[in-house]
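Trainee: I am new to this structure and would like to understand how its terms are applied. Could we look at it together and set each value against its definition?

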Amino acid sequence: MISQWQLRAAFAQRLSDMYGREVPAYTTLVDVSHEVNGDVMCAAGAEAERLGSIGRVTAERHGAIRVGTPDELQQVARIFGALGMHPVGFYDLREAAASAVPVVSTAFRPVDAEELARNPFRVFTSMLTPADPRFFDDDLRRRLERFLAERQLFPPELLDLADRAEAQGGLPGTEAERFLHLAVRAFELSTEPLDKAWYETLERVSAVAADIGGVRSTHINHLTPRVLDIDELYRRMTDRGIAMIDTIQGPPRWDGPDVLLRQTSFRALAEPRALRTDDGEVTTGALRVRFGEVEARGIALTRRGRAHYDELLARADTLAAQDPGADRGAVLRTLWEQHFPGTERELAARGHGFFTYHAVPSAGTGSAGPVPTPDGGPPTLGGLLDAGRLRAEPIVYEDFLPRSAAGIFQSNLSGEGSRDDARSAVAYDSDWLSGAIGRPVLDPFALYEEQRNASLAQAARDLGLPGVPSAEPAAPASPGAPSTGPSDADRPDRA
């Protein structure tokens with residue numbers, strides 16, 4: 001029996017090999033990522049593995065695919081369910097993007113710490129929103145929905161094998177091989193000629209819409225390795241003559257702790273595609289839909305930390321708008337240095353970052369021993385960390401940032417597309433998505449909280465504490481500075 005995690009690892013590797021054959025620049029990206037990771041390991045030693053072993057980082061990939069309908073998304077969920085991957089988080093790129101990106105998304109990934117350590121492969125999966133009148137008028141919506149209903153992305157044999165793998169926790173060797181073959185083939189770029197007029201009709205709305213609804217198959221849109229120094233990778237790729245997008249999305253580079261996710265990519269390549277004209281002639285054109293993304297992952301932020309992060313981004317936007325000539329990256333870095341927790345200890349003590357906590361025996365006794373308390377009150381996370389009675393290990397951020405994802409999408413589009421903001425949007429949310437795919441879309445914050453809380457409760461028991469130590473209350477903001485945001489309990493769930 002080939003287990004689900006082994007299927008997941010094999011699928012990720014075969015998908016990477018296939019994508020490298022289709023997009024040779026991706027192989028260059030992987031090679032440069034390995035070079036950078038090796039150099040960081042030599043320079044930083046064990047500290048370089050604080051957010052994951054070099055084995056995990058080297059093997060780590062996230063893919064991105066696009067589908068057109070809830071039924072197609074439900075089928076994708078079955079395929080990834082066979083690999084032990086669950087839908088986590090809801091991302092509305094329609095609202096995160098300034099240009100026309102008419103999709104909502106989730107990410108399929110493992111959720112248990114042990115499964116993530118074995119292989120953390122994840123797939124950011126977007127679904128087209130034909131019902132949104134800001135992008136599609138009634139006539140185009142009807143034509144698009146009819147086109148999508150007539151296609152079949154995944155063969156029944158693949159879906160049957162997927163269901164069996166999920167139910168059994170794996171597949172026997174021969175069936176596992178067949179499943180992997182069919183699954184990888186389903187995400188290859190099709191050589192079937194595209195209807196040129198139909199594709200261009202959708203492209204006028206959005207290049208993303210054309211890539212989803214203008215073809216009769218799906219494909220890997222990008223595959224993303226993980227790197228330990230994304231700024232150095234950006235420089236080396238540029239030195240090799242590969243055109244990169246203008247910025248690195250996400251938090252700025254600074255001397256404090258790495259948090260959340262930083263992403264960049266090389267620009268979408270002009271790839272030859274067969275096009276069929278109205279008179280039936282097949283010609284060759286060039287489409288720019290696939291690109292090479294790379295990411296650097298940091299510490300997961302709590303709801304309080306995420307609120308503070310969002311406030312700093314909004315503040316940077318305001319300052320950049322007031323001074324269009326300013327370097328936005330420098331503006332953001334200054335805000336970070338002034339207002340963001342500058343150490344892991346501060347992230348933990350203020351309740352801004354997710355960590356697992358482990359009790360440290362009293363020096364010289366090997367046992368719990370007395371625990372220091374501030375002014376006779378209950379011990380706090382910060383006090384226990386400062387006294388050396390708790391050890392905090394960061395929890396890696398395993399998810400995505402809507403604004404960063406939209407930024408990557410936008411940077412690789414050839415035009416802005418069109419959207420009519422005078423019309424009302426169609427509402428989508430996590431509950432809707434859960435119903436559409438027939439399985440719950442999990443809240444990423446809840447997953448991190450469960451991991452943190454279990455470790456903290458165990459550490460409290462090991463230290464003999466009557467209760468679980470808490471984070472420090474949010475500090476009041478200085479005039480004109482961003483606040484630290486509401487507490488976890490006060491902030492509604494959001495991805």
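Trainee: Why is the contact of Arg143 with Asp139 called a salt bridge?

Mentor: A salt bridge requires a side-chain nitrogen of Lys or Arg within 4 Å of a carboxyl oxygen of Asp or Glu, and the closest N and O atoms of Arg143 and Asp139 are 3.9 Å apart, so the pair meets the definition. Both residues belong to helix α7 (residues 138-150), where being 4 residues apart separates them by about one helical turn. This is a predicted model, in which local features need pLDDT of at least 70 and side-chain atom pairs count only at pLDDT 80 or more, while totals for chains, interfaces and linings use all residues. Residues are numbered from 1 along each chain as its sequence is written, and side-chain values use heavy atoms, with hydrogens and water left out.

Trainee: What makes Arg143 count as partly exposed?

Mentor: Buried means under 20% relative accessible area and exposed over 50%, with partly exposed in between (1.4 Å probe, protein chains only); Arg143 has 33% relative accessibility and therefore counts as partly exposed, and Asp139, at 41%, is likewise partly exposed.

Trainee: Are Arg56 and Glu60, which form a salt bridge, buried or exposed?

Mentor: Their closest N and O atoms are 3.2 Å apart, and both Arg56 and Glu60 are buried. A search of the whole structure finds 44 salt bridges.

Trainee: What makes β3 and β8 edge strands?

Mentor: The 5 strands form an open sheet in the order β3-β4-β5-β2-β8, with mixed pairing, and β3 (86-92) and β8 (222-225) each pair on one side only. Strands are DSSP runs (E, at least two residues), numbered from the N terminus, as are helices (H or I, at least four).

Trainee: How do you know that β2 pairs with β8?

Mentor: Two strands pair if DSSP finds at least two bridges between them; 4 bridges join β2 (residues 61-67) to β8, and the two run antiparallel, so they count as paired. In β8, Leu223 is the bridge partner of Gly63.
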